[in-house]
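Trainee: Could you take me through the ligand site in this one, with a close look at what surrounds the ligand? I would enjoy one connected walk through it.

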Amino acid sequence: MKTYIVGNWKMNLTVGESSIYLQKLLKRIRPAKGIEVAVSPSLIAIQPLRMQLDKNNSKVKLVAQNFYHRDYGAFTGEVSVSQLRGLVNYAIVGHSERRYVFGETNKDLKQKVAAAIRNGITPILCIGETENEKNFGETADVLRDQLLGGLSEIDAEDVKKVVIAYEPVWAISSNKGARLAAPDEIAESIKLIRNELKETYGKETADETPVLYGGSVNPNNAGAYLTIPGVNGLLIGGSSLVSDHFIDIIELAKRLRA
Ligand code: PGA
């Protein structure tokens, strides 16, 4: 299984800044076997970054932060995943900011996962409990609901084409009072996710589906998070905005695999 290092830039960086960042990344990192490096710029930066990448070899993959599940039609202001074909390799689905700021539900998200699969783009399905849900002992129920809900529109054999990202909402850096998740807390949730995949789709799917961790990852804690059993990579928000930090995490991932 690859190790995924994915930067989620959220609504940050202009097109010019994104391009400078990518240039630096391409200059500084060497392709490494088994390491998948990807960044998720804003939608308007995707096309120029794609052109920039096509001139080089593609050691960095592009990720869409969001899209609409229909392929085309009268949906003013939306961008479909079929319009993103050829531009991105991955697309984030169900990030907690989409769920809680924009009110997206499992019903929306299962359609997005299906649309991405239909268009040959790998969905990165984010799931995670809020602080209240954790305090009320609801973590397992929430993870099951978001995981199986998000996957419910695709065929069982396609499940391993999805990347799952476990992102406890209470650990995401932009949330007030966020605290660092302890590796054993993460390990417990990862185990729940893999068990759920196993019970529903079988052992092979559970073993072959990549599961990432995200939530306040930085160069100091990335090593501890990457070595949690069952974690196949990291989804990094704030820290990925500083290219030096993102590059440090990539280098660390390479050393851990070497
Ligand atoms: P963070 O964001 O690394 O800033 O906590 C992670 C995410 O929201 O994907």
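Mentor: Happy to! Let's begin with His95: one of its polar side-chain atoms sits 2.6 Å from an oxygen atom of the ligand. Keep in mind as we go that this is a predicted model. In Lys10, an N or O atom of the side chain is 2.7 Å from a ligand oxygen, and for Glu167 the distance from a polar side-chain atom to an oxygen of the ligand is 2.8 Å. As for cover, the ligand taken alone exposes 280 Å², and the protein buries 99% of that area.

Now widen the view to the whole shell. The ligand is surrounded by 13 residues, and the closest are Lys10, His95, Ser173, Ser216 and Gly238.

You will find Ser216 in the loop that runs between β7 (211–214) and α9 (222–226). Setting aside neighbours within four places in sequence, Ser216 is in contact with Ala171, Ile172, Ser173, Leu180 and Asn221. To place Ser216 along the chain, compare it with Asn8: the two are 208 residues apart in sequence, while their C-alpha atoms are separated by 12 Å.

Definitions and conventions:
Residues are numbered from 1 along each chain as its sequence is written. This is a predicted model: local features need pLDDT of at least 70, side-chain atom pairs count only at pLDDT 80 or more; totals for chains, interfaces and linings use all residues. Side-chain values use heavy atoms; hydrogens and water are left out. A residue is near a molecule or strand if one of its heavy atoms lies within 4 Å of it. A polar contact is a pair of N or O atoms within 3.5 Å; within protein, one must be able to donate a hydrogen and the other to accept it, and residues adjacent in sequence count only if both atoms are side-chain atoms. Accessible areas come from the Shrake-Rupley method with a 1.4 Å probe; for residues, only the protein chains shown count as cover. Helices (H or I, at least four residues) and strands (E, at least two) are DSSP runs, numbered from the N terminus. Contact means heavy atoms within 4.5 Å.
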